[in-house]
Amino acid sequence: MQRDLYIVAYDICTSKRLNRVRYFLKGFSTGGQKSVFECFLTQGELREVIVGVSSIIDESTDRIHIFSLDGRSRSHTLGAAVPPKDPEFFYFG
């Protein structure tokens with residue numbers, strides 16, 4: 001199954017929606033920090049993320065950015081950052 005790396009960044013105006021978005025995205029994430037998650041997703045999972053966060057956010061005030069990264073690119077990390085890694089399996093629980 002083909003998975004591609006996406007960076008999902010968000011800016012949510014209320015703490016209740018912020019916590020709901022964060023909890024939702026943690027189910028798809030392999031890493032990240034604060035308002036940015038690294039997600040290896042199939043096309044179906046990408047659609048699920050888009051529909052899921054769309055149902056949570058207030059589109060007039062909140063922002064979600066989903067960036068597709070080219071798998072051939074090399075990521076550069078600084079400090080304590082760990083490069084994103086596609087795990088061998090995912091556990092959705």
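Colleague: Among contacts in the protein chain between residues at least 6 apart in sequence, what share joins residues at least 24 apart?
Modeller: The share is 73%. The model is a predicted one.

Colleague: How do you know how much confidence the predictor places in the chain?
Modeller: The mean pLDDT of the protein chain is 82, and 75% of its residues reach 70 or more. The scale runs from 0 to 100. Where pLDDT is low, the predicted coordinates should not be read in detail.

Colleague: Which element has the lowest mean pLDDT, and which the highest?
Modeller: Among the elements, strand β2 (residues 31-33) has the lowest mean, 76, whereas helix α2 (residues 43-56) has the highest, 94.

Colleague: How many helices and strands are there, and in what order do the elements run?
Modeller: The protein chain holds two helices and four strands. Read from the N terminus, the elements follow the order β-α-β-β-α-β.

Colleague: What makes β2 and β4 edge strands?
Modeller: The four strands form an open sheet in the order β2-β3-β1-β4, with antiparallel pairing. In that sheet β2 and β4 (63-69) each pair on one side only, and they are therefore the edge strands. From one strand to the next, the twist averages 20°.

Colleague: How do you know that β2 and β3 are paired?
Modeller: Two strands are called paired if at least two bridges are found between them. Three bridges join β2 to strand β3 (residues 36-41), so the pair meets the requirement. The two strands run antiparallel.

Colleague: Why is Val21 called buried?
Modeller: The term applies under 20% relative accessible area. Val21 has 0% relative accessibility, so it counts as buried. This residue is found in helix α1. Leaving aside neighbours within four places in sequence, Val21 is in contact with Tyr10, Ile12, Val53, Ile56, Ile57 and Ile64.

Colleague: What part of the protein chain is made up of buried residues?
Modeller: Buried residues make up 29% of the 93 residues in the protein chain.

Colleague: Why is Glu45 called buried, and what else does its side chain approach?
Modeller: Glu45 has a relative accessibility of 11%, so it falls under the limit of 20% and counts as buried. A polar atom of the Glu45 side chain also lies 2.9 Å from the backbone nitrogen of Thr42.

Colleague: How many salt bridges does the structure hold, and which residues form the others?
Modeller: The structure holds three salt bridges. Asp11 forms one with Arg63, the closest N and O atoms being 2.8 Å apart. This pair links distant parts of the chain, with Asp11 in strand β1 and Arg63 in strand β4, 52 residues apart. Asp62 and Arg17 also meet through their side chains, at 2.7 Å from N to O. Asp62 lies in the loop between α2 and β4 and Arg17 in helix α1, so this pair ties together parts that are 45 residues apart in sequence.

Colleague: Are the residues of these two pairs buried or partly exposed?
Modeller: Both Asp62 and Arg17 are buried. Asp11 has a relative accessible area of 37%, so it is partly exposed. Arg63, at 47% relative accessibility, therefore counts as partly exposed too.

Key. Residues numbered from 1 in each chain as written. Predicted model: local features only at pLDDT ≥ 70, side-chain atom pairs only at ≥ 80, totals over all residues. Heavy atoms only, no water. Axes fitted to C-alpha atoms, helices over the stretch in contact; angles between N-to-C directions. Buried < 20%, exposed > 50% of the residue type's maximum accessible area, 1.4 Å probe, protein only. Polar contact = N/O pair within 3.5 Å; in protein donor to acceptor, adjacent residues only side chain to side chain. Contact = heavy atoms within 4.5 Å. Salt bridge = Lys/Arg side-chain N within 4 Å of Asp/Glu carboxyl O.
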